[in-house]
Amino acid sequence: MSAAGALCAALALVWPVAVRAAGEDESDMSLTVGGVAILELDRSELDFDTTPEQFIAGMTASEATRCRVVTNSEWVLTIAGTASKWAGPADKPVEDVLWRSGGGDYTALSMSPAEVARGEPTAGLDVFLELAVKLRFEQDEPGEYTYRSVHYELTTP
Amino acid sequence: MRCGAAIVIALGLACLAPLCALADTRVSANDLRFSAAGETEFRDGQALLSREPLDWESDTAWRLYVESLDLSLGLSRDGRYEKALADLQFRVSGDSQWWSLRTEPVFIAAGDAPGRGTLIVDWRMLLSWGRDRPGTYRARLRFTIEQP
């Protein structure tokens, strides 16, 4: 090797180091997102009055409840009764609570959860429920009846 | 003789090489572990990881960068959603401007004076109800400190 060649080789070794240096490090980032579901009802109590015409029709006028669904997963909204009877002067079964969503026929409330609606993840979707009370001449003695056991549940898979 | 002299010069330069490597730069970062995101984080629209230290050392002026080694933050548990890398953001603590991660170096900070120090960085993950399905989202990050 010539002297010039050796000199170049040495400079080549030195040059990159002298011109620039860099340091680096690596790290991992992680975030776990859980299934989050929020159900908000706009009313916690519904009051029903009765009229003779409603007794003849067999049910009260309906009252509406808005259920707001907020979730980052697919969801199912269900409704169920958690007590088999109303509190009142006479026996009145859970099935005398009637509900429907999106029109159509009313469904009698049951102690088994019934699906009201289902959907995709949403930042806020309103599901409107109409509730009414079945009236029976032969059973519903005068007085005040209360049923405090309507259970709404929002579930995600 | 000429050849011998050249070898001596070359060896001398080789010995000097460490002295020529004046720029000694280092950066050290911790793993970033966000707490599990729940209702609070979704309501806020973000999960925060505040005041993470980033240690640096340099004997010259320096510039610090971060980049992602992954194209995205990965898939949701059900595989139906891929979280965008840009949802991971950082800022130097105290600054108002947030910067999104990319797959190319993103500038973090610079200094004119040599020395060592700790840069405090805030990290956040943007969250959206309609998008961010359950899962664990990840990325590998590379921090680089360079001379300007």
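Author: Two residues are in contact if their C-beta atoms, placed from the backbone, lie within 7 Å. The model discussed here is predicted.

Reader: Leaving aside neighbours within four places in sequence, which residues is Phe143(B) in contact with?
Author: Neighbours within four places in sequence are left aside for this list. From chain A the partners of Phe143(B) include Glu24(A) and Asp25(A). From chain B they are Val27(B), Ala29(B), Leu54(B), Leu64(B) and Val66(B).

Reader: Which residues have the most contacts inside the largest nonpolar core?
Author: The largest nonpolar core has 47 residues. Its largest share, five residues, comes from strand S11 (residues 135-146) of chain B. The residues with the most contacts inside this core are Val27(B), Leu64(B) and Phe143(B).

Reader: Which residue of S11(B) is the bridge partner of Asp28(A)?
Author: Strand S1 (residues 22-33) of chain A and S11(B) run antiparallel and are joined by 12 bridges. Within this pairing, Ser30(A) stands opposite Arg138(B). The bridge partner of Asp28(A) is Arg140(B).

Reader: In which sense do S1(A) and strand S2 of chain B pair, parallel or antiparallel?
Author: Strand S2 of chain B covers residues 32-33, and two bridges link this strand to S1(A). Met29(A) stands opposite Leu32(B) in S2(B). The sense of the pairing is parallel.

Reader: What is the strand order of the open sheet with antiparallel pairing in chain B?
Author: This open sheet has five strands. Strand S1 (25-29) and strand S8 (99-100) of chain B are its edges, each pairing on one side only. The order is S1-S3-S10-S7-S8.

Reader: How many bridges join S3(B) to S10(B)?
Author: Strand S3 of chain B spans residues 46-58 and strand S10 spans residues 115-126; the two run antiparallel.

Reader: Which residue of S10(B) stands opposite Arg91(B)?
Author: Strand S7 (residues 88-92) of chain B is joined to S10(B) by five bridges, and the two strands run antiparallel. The residue opposite Arg91(B) is Asp122(B).

Reader: Which residue in the turn between S7(B) and S8(B) has a positive phi?
Author: S7(B) and S8(B) run antiparallel over two bridges, and Phe90(B) has Trp99(B) as bridge partner in S8(B). The two strands form a hairpin with six residues between them. The turn residue, with a positive phi of about 105°, is Gly94(B).

Reader: Is Arg51(B) buried or exposed?
Author: Arg51(B) lies in strand S3 of chain B and has a positive phi of about 55° although it is not a glycine. Most residues other than glycine have a negative phi. Because Arg51(B) has 10 C-beta neighbours inside 10 Å and the limit for this class is 12 or fewer, the residue counts as exposed.

Reader: Why does Ala83(A) count as partly exposed?
Author: Ala83(A) lies in the loop between strand S4 (75-81) and strand S5 (97-100) of chain A. Leaving aside neighbours within four places in sequence, Ala83(A) is in contact with Val94(A) and Ser149(A). The class is partly exposed because the number of C-beta neighbours of Ala83(A) inside 10 Å is 14.

Reader: What percentage of the residues in chain B is buried?
Author: The secondary structure of chain B comes to two helices and 11 strands. Among its contacts between residues at least 6 apart in sequence, 78% join residues at least 24 apart. Of the 148 residues in chain B, the buried share is 27%.

Reader: Over which residues of chain A is the pLDDT below 50?
Author: Chain A averages a pLDDT of 90, and 87% of the residues score at least 70. The stretch below 50 has nine contacts in the model beyond near neighbours in sequence. Where pLDDT is low, the predicted coordinates should not be read in detail. The stretch in question is residues 14-18.

Technical notes
Residues are numbered from 1 along each chain as its sequence is written. Chains are lettered from A and ligands numbered from 1 in the order in which they are written. This is a predicted model: local features need pLDDT of at least 70, side-chain atom pairs count only at pLDDT 80 or more; totals for chains, interfaces and linings use all residues. Two strands pair if DSSP finds at least two bridges between them. Helices (H or I, at least four residues) and strands (E, at least two) are DSSP runs, numbered from the N terminus. A residue is buried if 20 or more other C-beta atoms lie within 10 Å of its own, exposed if 12 or fewer, and partly exposed in between; C-beta atoms are placed from the backbone. pLDDT is the predictor's confidence in each residue, from 0 to 100. A nonpolar core is a set of buried Ala, Val, Leu, Ile, Met, Phe, Trp, Tyr and Cys residues joined through C-beta atoms within 7 Å.
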